[in-house]
Amino acid sequence: MAAPKEEEVKKDDNENKDEDAPEETAGYKVAEKASVNDIMNKDKDDVSLQKYKEQLMGGAKNAIIDPEDKRQVFFDTLVIEPEGRKPIELDPAKCSADTVAFVLKE
């Protein structure tokens, strides 16, 4: 059995990468941030929807974020202020897990 040609191997790798790439939906807009309470209070008059939300959330609707838990940190903007340089501001909503946002050196 002959080994596959190098061109064939590269072609197969590219095809797999395309299959795994996320598909973009034209016209899709990311929903605005909303608290759990806002979501739970929305459509308050729709009994079936409230039951559905209760099934999804269970008893966790009041315990998703524990304000007493010192291990959790939530922020809207990270600002790094190096001496002698202008501050670096990072918006976590605009950062990607696939890219390095910054490198911090001593």
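Which side chains meet in a salt bridge? In this predicted model, where local features need pLDDT of at least 70, side-chain atom pairs count only at pLDDT 80 or more and totals for chains, interfaces and linings use all residues, the partners are aspartate 76 and lysine 33, with an N to O distance of 3.8 Å. Residues are numbered from 1 along each chain as its sequence is written, and side-chain values use heavy atoms, with hydrogens and water left out.

A salt bridge here is a side-chain nitrogen of Lys or Arg within 4 Å of a carboxyl oxygen of Asp or Glu, and a search of the whole structure finds one. Aspartate 76 lies in the loop between α3 (47-57) and β1, while lysine 33 lies in the loop between α1 and α2 (36-41), so the pair ties together parts that are 43 residues apart in sequence. Aspartate 76 counts as exposed because its relative accessibility is 59%, and lysine 33 counts as exposed at 74% (buried means under 20% relative accessible area, exposed over 50%, partly exposed in between, with a 1.4 Å probe and protein chains only).

Leucine 78 has its place in strand β1 and, at 33% relative accessibility, counts as partly exposed. Together with Val73, Phe75, Phe102 and Leu104, Leu78 makes a nonpolar surface patch of about 490 Å².

As for confidence, the protein averages a pLDDT (the predictor's confidence in each residue, from 0 to 100) of 75, and 73% of the residues score at least 70. Where pLDDT is low, the predicted coordinates should not be read in detail.

Note on methods: Patches are made of residues with over 30% relative accessible area and no salt bridge: like charges are joined within 9 Å, nonpolar side chains (Val, Leu, Ile, Met, Phe, Trp, Tyr) within 5 Å. Accessible areas come from the Shrake-Rupley method with a 1.4 Å probe; for residues, only the protein chains shown count as cover. Helices (H or I, at least four residues) and strands (E, at least two) are DSSP runs, numbered from the N terminus.
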